[in-house]
Amino acid sequence: MITVDTRGRLCPIPLIMLKKALTNCNPGEDVCVLTDNETACGNLTDFISDLKCEVVKKTETTAEGLSYTSLSFKAPTGIVATGTAETCTAPPRKYEEEPYVVVIDSDEMGGGNRELGQLLLRSFVNALIEMPHLPTHVILYNKGVYMALKGTDTAETLQRMNREFGVDIVCCGTCVDFYKVRELLLLGRITNMYTIMELQSKAGHIMRP
């Protein structure tokens, strides 16, 4: 049996973890997913159902009295195991025929509660690397440059996108200096507004969180 423990993780990370785990399963192998997040539980259940798998849902309790949900099912056919998680290689990524760029101009997503907005943007950036078609560039300006600061999980994700898949991470130099974070950047090609405008004008389309 393969157990995917996503407890403590927020959407969309549990779904990403399950998708990765399934690449290491054999058809018919028992899979059990653990989650303590109601939204993630719903998304995971829908995904498993879309695979035409029968899912058994149970509410469990830890020794400390914390409740969580277990989702059990058998891995579907059509999935080819690629080895253990330690040795399997990442699936190849490719650009769409029409290249696109991602533009992030804030440190939060949406205009409601700030804490929620920051959480949503972190989820967006960390899920971006799992897209089947990656952007050619991620452009950071205004408070978007905070996504590339040392010590943040978003910067680590952007660094992986750059190193492993060649995605160009671009930071607005004026913004970096305005917020006095130049020395705090983990990565990012510091450039000017003209270059940022040029990159956007040449993109097939632009994705904004």
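Two strands pair if DSSP finds at least two bridges between them. Helices (H or I, at least four residues) and strands (E, at least two) are DSSP runs, numbered from the N terminus. The model is predicted: local features need pLDDT of at least 70, side-chain atom pairs count only at pLDDT 80 or more, and totals for chains, interfaces and linings use all residues. Residues are numbered from 1 along each chain as its sequence is written, and side-chain values use heavy atoms, with hydrogens and water left out.

**View 1. Four strands make an open sheet.** The strand order is β1-β2-β4-β3, and the pairing is mixed. β1 (2-5) and β3 (56-61) sit at the edges, and each pairs on one side only. Neighbouring strands are turned by 20° against each other on average, direction ignored. Axes here are lines fitted to C-alpha atoms, for helices over the stretch in contact; angles run from 0 to 180 degrees between N-to-C directions.

**View 2. Strand β2 pairs with β1 and with β4.** With β1, β2 pairs in the parallel sense over four bridges. One of the residues to look for is V4, whose bridge partner in β2 is V33. With β4 (residues 67-74), β2 (residues 30-35) runs antiparallel, and six bridges join the two. Here V31 has F73 of β4 as its bridge partner. β2 is mostly covered, with five of its six residues buried. Buried means under 20% relative accessible area, exposed over 50%, and partly exposed in between (1.4 Å probe, protein chains only).

View 3. Contact means heavy atoms within 4.5 Å.

**View 4. Helix α1 has a buried set of residues.** The set is P14, I16, L18, A21 and L22.

**View 5. N24 lies in the loop between α1 and β2.** Is N24 buried or exposed? N24 counts as buried because its relative accessibility is 16%. The N24 side chain reaches the backbone oxygen of K20 at 3.4 Å. That is a polar contact: a pair of N or O atoms within 3.5 Å; within protein, one must be able to donate a hydrogen and the other to accept it, and residues adjacent in sequence count only if both atoms are side-chain atoms.

**View 6. Ring pairs link Y146, F178 and Y179 into a cluster.** The structure holds two aromatic pairs. Y146 and Y179 are edge-to-face, 5.5 Å centre to centre, with 80° between the planes. This pair links distant parts of the chain, 33 residues apart. Y146 is in the loop between β6 (137-140) and α4 (153-165), and Y179 is in the loop between α5 (173-178) and β8 (189-191). F178 and Y179 are also edge-to-face, at 5.1 Å centre to centre and 90° between the planes. Rings of Phe, Tyr and Trp (its six-membered ring) pair if their centres lie within 6.5 Å; planes under 30 degrees apart count as stacked, over 60 as edge-to-face and the rest as tilted. Y146 counts as partly exposed, at 26% relative accessibility. Y179 counts as partly exposed too, at 22%. F178 counts as exposed because its relative accessibility is 60%.

**View 7. K52 and K180 have positive phi values.** For K52, phi is near 65°, a positive value in a residue other than glycine. K52 lies in the loop between α2 and β3. K52 is exposed, with a relative accessible area of 76%. For K180, phi is near 55°, again positive in a residue other than glycine. Where does K180 sit? K180 is in the loop between α5 and β8. With a relative accessible area of 70%, K180 is exposed.

**View 8. Residues 80-96 have pLDDT under 50.** pLDDT is the predictor's confidence in each residue, from 0 to 100. For residues 80-96, the model has 32 contacts beyond four places in sequence. Over the chain, the mean pLDDT is 86, and 90% of the residues reach 70 or more.
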